[in-house]
Amino acid sequence: MAIKVIAQRREVKLGKNPGKKFVMRPDLYIPIQEKKVFAEASTHSGISAGVIKAAWDAAGEVIRTWATEGHSVPLPGLGTMRFGVRSKAVAELEDVKTNLISVRRIIFTPNTDVKDELKNTSIQITCLDEDGNVLKRVTSGDSGDIEDNENGLTPDPSPNGEGSENQGGGSNQGGGDNNGGDNNGGGGNPGGGMDQN
């Protein structure tokens, strides 16, 4: 199995060298229906799909409850999940107000097994011209490095530099820029927001 990526030539107007460039993006996958997930899990475990769904629904309720109470909750076989916020940092106590919070966040930190699976999965790149015609296909020969912000401070990329540290963990969401802040217990914090546990 491989991860599919599209590299399509298009006009790039920003950056140091604007012009026509190949820009990569993940190929869109067809969403898998929930019932198919339970059926597949039933095949692998020997437990009926109905029992698996009931257990999964109950676990989901527990995870939602604990995460919204400020806990980092394990997702067995996957990693951990918690909620946080992205906000501006201020120097003065009297400036701390709820309007500093720009967005509430769901933060997923994958476990080592998930990271290893991603590292060992090849990437197939399909190169397209502006009209979507296939120019060539390439299979990855990269080192398979996984972005991991758990060991250090990532500079805040916000234009005004008012991001802050992530106190509790998280992960870099999405494929692309490594935007974040330091953390004490998890992955990077996209956008350098301050997380409240």
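Is Lys 53 buried, partly exposed or exposed? At 32% relative accessibility, Lys 53 counts as partly exposed. Here buried means under 20% relative accessible area, exposed means over 50%, and partly exposed lies in between (1.4 Å probe, protein chains only).

The model is predicted: local features need pLDDT of at least 70, side-chain atom pairs count only at pLDDT 80 or more, and totals for chains, interfaces and linings use all residues. Residues are numbered from 1 along each chain as its sequence is written, and side-chain values use heavy atoms, with hydrogens and water left out.

The protein has three helices and seven strands. Helices (H or I, at least four residues) and strands (E, at least two) are DSSP runs, numbered from the N terminus. From that terminus on, the elements run β-β-α-α-β-β-β-α-β-β. Of the 197 residues in the protein, 26% are buried. The accessible surface comes to about 13,500 Å². Carbon and sulfur atoms hold 55% of that surface. These areas come from the Shrake-Rupley method with a 1.4 Å probe; for residues, only the protein chains shown count as cover. Contact means heavy atoms within 4.5 Å. Among contacts with a separation of 6 or more, 50% join residues 24 or more positions apart.

Strand pairing is described next. Two strands pair if DSSP finds at least two bridges between them. Strand 1 (residues 2-12) and strand 6 (residues 122-128) pair in the parallel sense, over seven bridges. Within this pairing, Val 5 has Ile 125 of strand 6 as its bridge partner. Strand 6 also pairs with strand 7 (residues 134-139), in the antiparallel sense and over five bridges. There, Ile 125 stands opposite Val 138 of strand 7. The hairpin of strand 6 and strand 7 has five residues between the strands. In this hairpin, Gly 132 takes a positive phi near 90°.

A nonpolar core is a set of buried Ala, Val, Leu, Ile, Met, Phe, Trp, Tyr and Cys residues joined through side-chain atoms within 4.5 Å. The largest such core has five residues: Ile 63, Ala 67, Val 73, Leu 75 and Met 81. Helix 2 and strand 3 (73-75) are the elements that give two or more residues to this core. In soluble globular proteins, nonpolar side chains tend to be buried together. Leaving aside neighbours within four places in sequence, Leu 75 is in contact with Ile 63, Thr 80, Met 81 and Phe 108. Ser 42, in helix 1 (residues 34-45), is buried as well, at 18% relative accessibility. Not counting residues up to four places away in sequence, Ser 42 touches Ile 47, Ser 48, Ala 49 and Ile 52.

Leu 93 lies in the loop between strand 4 (79-87) and strand 5 (101-110). Leu 93 is exposed, with a relative accessible area of 73%.

Charged pairs were examined last. A salt bridge is a side-chain nitrogen of Lys or Arg within 4 Å of a carboxyl oxygen of Asp or Glu. By this rule the count comes to four salt bridges. In one of them, Lys 20 pairs with Glu 130, the closest N and O atoms being 3.2 Å apart. Lys 20 lies in strand 2 (residues 19-26) and Glu 130 in the loop between strand 6 and strand 7, so the pair ties together parts that are 110 residues apart in sequence. Lys 20 is exposed, at 56% relative accessible area, whereas Glu 130 is partly exposed, at 34%.

Helix 2 (residues 49-68) holds Lys 53 and Asp 57, four residues apart, about one turn of the helix. Their side chains meet in a salt bridge (2.8 Å, N to O). Asp 57 counts as partly exposed, at 38% relative accessibility. Arg 64 forms a salt bridge with Glu 61, with the closest N and O atoms 2.8 Å apart. Arg 64 and Glu 61 are three residues apart in helix 2, so about one helical turn separates them. Arg 64 is partly exposed, at 45% relative accessibility, and Glu 61 is partly exposed, at 43%. Elsewhere, salt bridges that share partners join Arg 9, Lys 20 and Glu 130 into one network.
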